[in-house]
Amino acid sequence: MSAPQFMRAVRITGHGGPEVLEAAEVAVPAPRAGEVLVQVSAVALNNTDLWTREGAYGRPGDPEARSGWRGPVDFPRIQGADVAGRVVDVGTGVESGLVGRRVVVDPAIYDSEGPDANPVGLMGSERDGGYAEYVTAPVERVHDVTRSPLTDDQLAALPTAYGTALGMIERGRLRKGETALVSGASGGVGLALVQIARARGARVVAISSGSKLDAVREAGAHGVVDRAGDVAGQLRTAAPEGIDVALDVVAGELVGEGLPLLREGGRWVIAGALGGYGVTFDVRRLYLHNAQVIGSAMHTPTHFGLLMDLARRAEVQPVVAAAFPLEQAARAQVELSRRGHVGKIVMHP
C-alpha cells in the first residue's frame, strides 16, 4: 500500500470562529523513524476541537488568555484527535506487518515513556491531527483493532471521550456496588461514563436535560435527573444514601451544590468546565468527610490499553449522532457547539 503525494485536509489558521477552518491541499506527511502513516477512515469531533480553535483554555495566571490545550498553537494546524483508519506505510524501525491493519490512534502526547505517564499534549493541538486523509503517529500510540466488531465511526468515537471517561473512573477508583453521579450525561464523555460505570457494576445517577433523558437511560443510567429543575433535591431523592464518586464534566455551580451529597471518603472527579471554571464550595464539606476533589485530563497509556481491550470485545457501544464529509468541518463544529445531539459527531475524509 502506498499513499499519494498530496491530500485534502482542514486546518485552523488562527484562533477564532468556524471561519478560521480552511480546506487545503497539503503534502501527505512522511512517517519518521518509529512512526506509522494512517489513512483516516473516520475522525470524531470533541469539545477540544472547539476550545482549541477558540483558544479557550487560558494560561496559568491568565484564565482569559487565548491558548491551546497546553499553550500556544503553531498555525496552521490540522485539527482532529480521534482517528480510526488503516496503516498504509511505516517509518524506519517499525514492523512492516502493521501495514493494512485497522487501528485506533491514542491521541495523547505524554510527559514520559511509562505506563502511567501524564498527557501534556494532544493530536490536533500540539501536533497535526485527523481532519485529513492521512496522519502520522508514533507506533506505540497505534492500537490494532482489526478484529473489533465496532464500525470505524464507533472506533473513532472512542479515544478522547471514552479515554477521558475511563481516566476519570480509574482516578476516582470507582468500585462495583458504589453510586456514581455523571454530569453532562448526553455528551460524548457523559455517555461513555454512563456505559463504563454501568459495566463496572456501579449504580449510575445521571444529569441531563429534556429530550435527552430517555437516551441517557438507554445508555444504562439507573436514575436520571433533569438539570432544568432542582438538581440537588432530585439527586437526594435519586441517591438517598449519597454519592460515592462524582464524574463531572460540567463543574461551575454543580460542585458547590453537589459536594455535600458525597458520602464519607467520596471522590469528586472533574474533567471539564461546561458550566464554568469559577467554582466555590464549602471546604468543610471536603475535609470533615475525607472527601477528595480530583482533576482528570484524558488518560494514561495504561487506561488507553484497557479501553482498546473493551473495543476489541465491543463491551462499549459508542453512539454516533451524525456524520459529515470532511469539507463540512465548519458545519460539523457548529452542530457540535449547539449540543442538540446525543453521542458523537464524526467526519469522513
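Strand β12 (residues 203-208) is largely enclosed by the rest of the structure, because five of its six residues are buried; buried means under 20% relative accessible area, exposed over 50%, and partly exposed in between, with a 1.4 Å probe and protein chains only. Strands here are DSSP runs of E with at least two residues, helices are runs of H or I with at least four, and both are numbered from the N terminus. The model is a predicted one, where local features need pLDDT of at least 70, side-chain atom pairs count only at pLDDT 80 or more, and totals for chains, interfaces and linings use all residues. Residues are numbered from 1 along each chain as its sequence is written, and side-chain values use heavy atoms, with hydrogens and water left out.

So what sits beside β12? Strand β11 (residues 179-182) pairs with β12 in the parallel sense over four bridges, pairing being called when DSSP finds at least two bridges between two strands. T179 has R203 in β12 as its bridge partner. From β11 the chain goes through helix α4 (residues 188-199) to reach β12, a right-handed β-α-β crossover: with the strands pointing away from the viewer, the path from the first strand over the helix to the second runs clockwise.

Strand β13 (residues 223-226) also runs parallel to β12, joined to it by four bridges, and D226 in β13 stands opposite S208. Here too the β-α-β unit is right-handed, made of β12, helix α5 (residues 213-218) and β13.

Elsewhere, V283 lies in the loop between β15 (262-270) and α8 (284-287). V283 counts as partly exposed because its relative accessibility is 46%.
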